[in-house]
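Thanks, everyone, for making the time this morning. I would like to walk you through one model, so please have the sequence and the coordinates open as I speak.

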Amino acid sequence: MVYGQVLANGLMLGALYACIAVGFSLVWGVLNVINMMHGAFIILGGYIAFFAWLHLGINPFVMMLPIAMLLFLLGYMIQYGVINRVIMRPVLTTLTLTFGLDMILYNAMNIAFTATPRRVVLDLGRIDIGGVIMSLDRVAAMVLALALTGILYLILRTSRTGRAIVAVRMDRDAAALMGIKVNKVYAITFGLGAFMAGACGALVSVVFPITTSVTGLFLGKAFVICVIGGLGTVPGALVGGLALGVIESFAGHWWGPQNAILIGFVIMLVLLVVRPTGLMGKKGYE
Amino acid sequence: MSGAVRTGSPGEVLLKVDRLSKSFGGIQAVKDVSFTLNEGEIVGLIGPNGAGKTTLVNLITGVFPASSGSVVYRGDDVTNQRPFQAARRGLARTFQIVQPFPAMTVLENVVAGSLFAGAAGSRAQAEADALSHLEFVGLADLARRPAASLTLPSRKRLELAKSLAMKPKVLLLDEVNAGLNTSEIDQALTLIRAIAARGVTIIIIEHLMKVVLSLSQRILVLHHGELISSGDPQSVVNDPKVIEAYLGSKFAARQKQLAGAAP
Amino acid sequence: MKTRLPYILFALWVLALASTPWVASNYIVKIATFLAMYGAIALSWNFIGGFTGYPSFATAAFVGLGSYSGALLQNAGVSGALLPLAWLGGAAVVALFAAIIGLIILRMKGHYFAIGSIAIVEVLSQLASSWSSLTGGGEGLNVKFLAGGPDFIGRVFLYTMIVIMLLAFVATVLVDKGKLGFGLRCIQQNEDAADMVGIDTTRYKIYAFVLSAVFCGAVGAAYSSWVAYISPTDSFSILLTLKAPVMVLLGGPGTVFGPVVGSALFVLMEETIWAKFLDYNQGVLGLVIVVLIFFLPGGLLRLRWRKGSA
């Protein structure tokens, strides 16, 4: 029954990963921009949740939405004010720009918070299902992650803004011709990406230690998930996230946790060569 | 009346396409197409939109690998060649949507053709070649301009000059006349005839009937990826299968009826 | 540029760097060494990123692999008078690596290529950390010190880096003026058309990629001998891999002198401004990038010419 435990761990991790990646995937799919700040956004959310818990006693699950909205604003402004100026330029330019912005955010967080790992300890207890033990902290985080992802999916499918976003993702020029304000959609989408990152950061703070050292780690996972699951769609991020979570869990079980991360990258490299459209088959912008 | 000038005898078989097929996912774009191309010919390739003409050209020049069938060029099996190999062998093509090197000058664009596929010995040699090809198509004055600044008809001529610089034995022209007005088309026709007179064998994809009929000695008709008719222009034009493909089965049936009812 | 002026200026610059041991302090000699080192790195990136237009973030992979290869060779006995052989060996390993990896990664374009190239850095870094028996793992690897006083050592590595930079420069000039450079530019502007015109795009891209790697490998190997201690995070540094395109963007990608100008300016800025603000190292780099991208779309050299189109 060990495999049951490994699988359960993998799925819980995977739900969190899916939530982490979906914002990144959306921004890449819609704006054709890889947001190198995504990992930093997640950690920023985590730090805010941690300090709110530490100093104000507020549960991170409760802080999730306020943090998300704060990050939405941050993302919106960054996109509208900075990134949008170069949105039409080649990959090297936009990628280097977000890389540079990431450096600024990273440095700022290091100075403000220092790199000491911070961990929110909720200790809600455990449940035992047929020999598989799961801490309720993680279960709650997983449920909220999935709920958030589901809500995003509904927003994209049913709201006007959501459908405008999907339209821009499918064909930017056609969307513009239909009267959609593409720049606004870009800003909202980027804001949404930051929103999801921030919310996930709050959830992550309950499960993992928060430190600036891991911004790259989360960013890397978001990449891998996009390659596995395809770009710009919620189902893609979900499939990718769950897949990565399960793969890492089993790889960590068989070969040790430090190699689990390596496995993710190797799989990504293999997929990039063999099937860059991802398992879901939706080709991203190059 | 065919306007092509042929030099000498009908010539060897340059290209032999045998049961060539290509499917993308579930869609069969080209199905069991077979034909030969002899040296010195001008062959027209026609068919309704989506018939698979450009896909066929892509298969012959190695842009896609074929699903089945073969392409033999001057005795060599080139079915799985890469585009640059086709180019070096003397199989050149133009693009329906012109593909220049936008930041380079007009001259440099043609130099690219002569330097690589055209196997010019040196840059200086390539530039001299390129200039002569530009003169041939009438673009010599614009040699130093950036390619992106050209008008559409000029870009089409640049595409021709570039492909000529590649010293092709077979030239596949893909809708060279799209977007041109009547006088521009006439100029293009003159140019194409001049190219044929130089000894280049040509397959021309074209949807303008007047162009195809005046240029080609032979016509191939593609419909839903299959070769439904081939032969000299007059017989193809009157072939009921071709009429049906272009104008629909109802029209074709009515034509038959009317022909049967005539005294 | 038909004039010889840029070449003359470059020659003067190299002479200036080479003369520092005789006219300035050891600190200046060290700066000169870094100027040559980053010059070589920038010129390297220019082959794949500037001429060919493929956004590579693999620089740290090549430098780091060169460091480790050179260090291992040195520790295995290729040291003392044989040291240059260890550096050549490092460069050769990196060149081979780039050729093999290039076959895989150059099939991708744009974002996917960029990410693939970063992944290479990460994978190598992880490998260096895990394979402790070979590389010393996270603890790092000590390299035998070169015997000699600080003046001697300073000179050895200054001239080594200058030689590597000169080699990279000569390669750049040859590529720029030759068929390879022309072909790479065609690939950058329209890869399908380049294929159609008879260019073996795969082969040319691999040449560019190997060129972008080999000098970095030499730099890495020499660097490991210089500092005598290497570790995974420093050798496969994401900061370094980001600096390469930034330096070239600063000077002008796809030009012969752009990387030299950009790297020189970058190193000098780094030494004078940021060295003062150690804690703000990354933040200032980020700020420089933002300013650069907003105000210098073509790099400094293109600014002077003002062709009119970005």
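This is a predicted model: local features need pLDDT of at least 70, side-chain atom pairs count only at pLDDT 80 or more; totals for chains, interfaces and linings use all residues.

Let me begin with chain C, whose secondary structure amounts to 15 helices and two strands. Its radius of gyration is 19 Å, close to the 19 Å that the globule rule gives for 310 residues, so chain C is as compact as a globular protein of that length. The C-alpha trace of chain C spans about 55 × 45 × 35 Å along its principal axes, and 56% of the 310 residues are buried. If we take the contacts in chain C between residues at least 6 apart in sequence, 78% of them join residues at least 24 apart.

Turning to where chain C meets chain A, the contact draws 35 residues from chain A and 33 residues from chain C. On the chain A side, helices H4 (91-113), H9 (215-229) and H11 (257-274) each supply at least two residues, and the largest share, 15 residues, comes from H4(A). By class, that side of chain A has 25 nonpolar, eight polar and two charged residues.

Finally, in chain B, helix H3 (residues 106-115) and helix H4 (residues 123-137) pack with their axes 8 Å apart and at an angle of about 115 degrees, and are therefore roughly perpendicular to each other. Their crossing is right-handed. Among the residues that meet are B:Val110 and B:Val111 in H3(B), and B:Ala130 and B:Leu134 in H4(B), within a contact of nine nonpolar, two polar and three charged residues.

Definitions and conventions:
Residues are numbered from 1 along each chain as its sequence is written. Chains are lettered from A and ligands numbered from 1 in the order in which they are written. Two residues are in contact if their C-beta atoms, placed from the backbone, lie within 7 Å. Helices (H or I, at least four residues) and strands (E, at least two) are DSSP runs, numbered from the N terminus. Ala, Val, Leu, Ile, Met, Phe, Trp, Tyr, Cys and Pro count as nonpolar, Asp, Glu, Lys and Arg as charged, and the others, Gly among them, as polar. Axes are lines fitted to C-alpha atoms, for helices over the stretch in contact, and angles run from 0 to 180 degrees between N-to-C directions. Angles under 35 degrees count as roughly parallel, over 145 as roughly antiparallel, 65 to 115 as roughly perpendicular and the rest as oblique. A crossing is left-handed if the near helix is turned anticlockwise from the far one by less than a right angle, and right-handed if clockwise. The radius of gyration is taken over C-alpha atoms; the globule rule is 2.2 Å times the number of residues to the power 0.38. A residue is buried if 20 or more other C-beta atoms lie within 10 Å of its own, exposed if 12 or fewer, and partly exposed in between; C-beta atoms are placed from the backbone.
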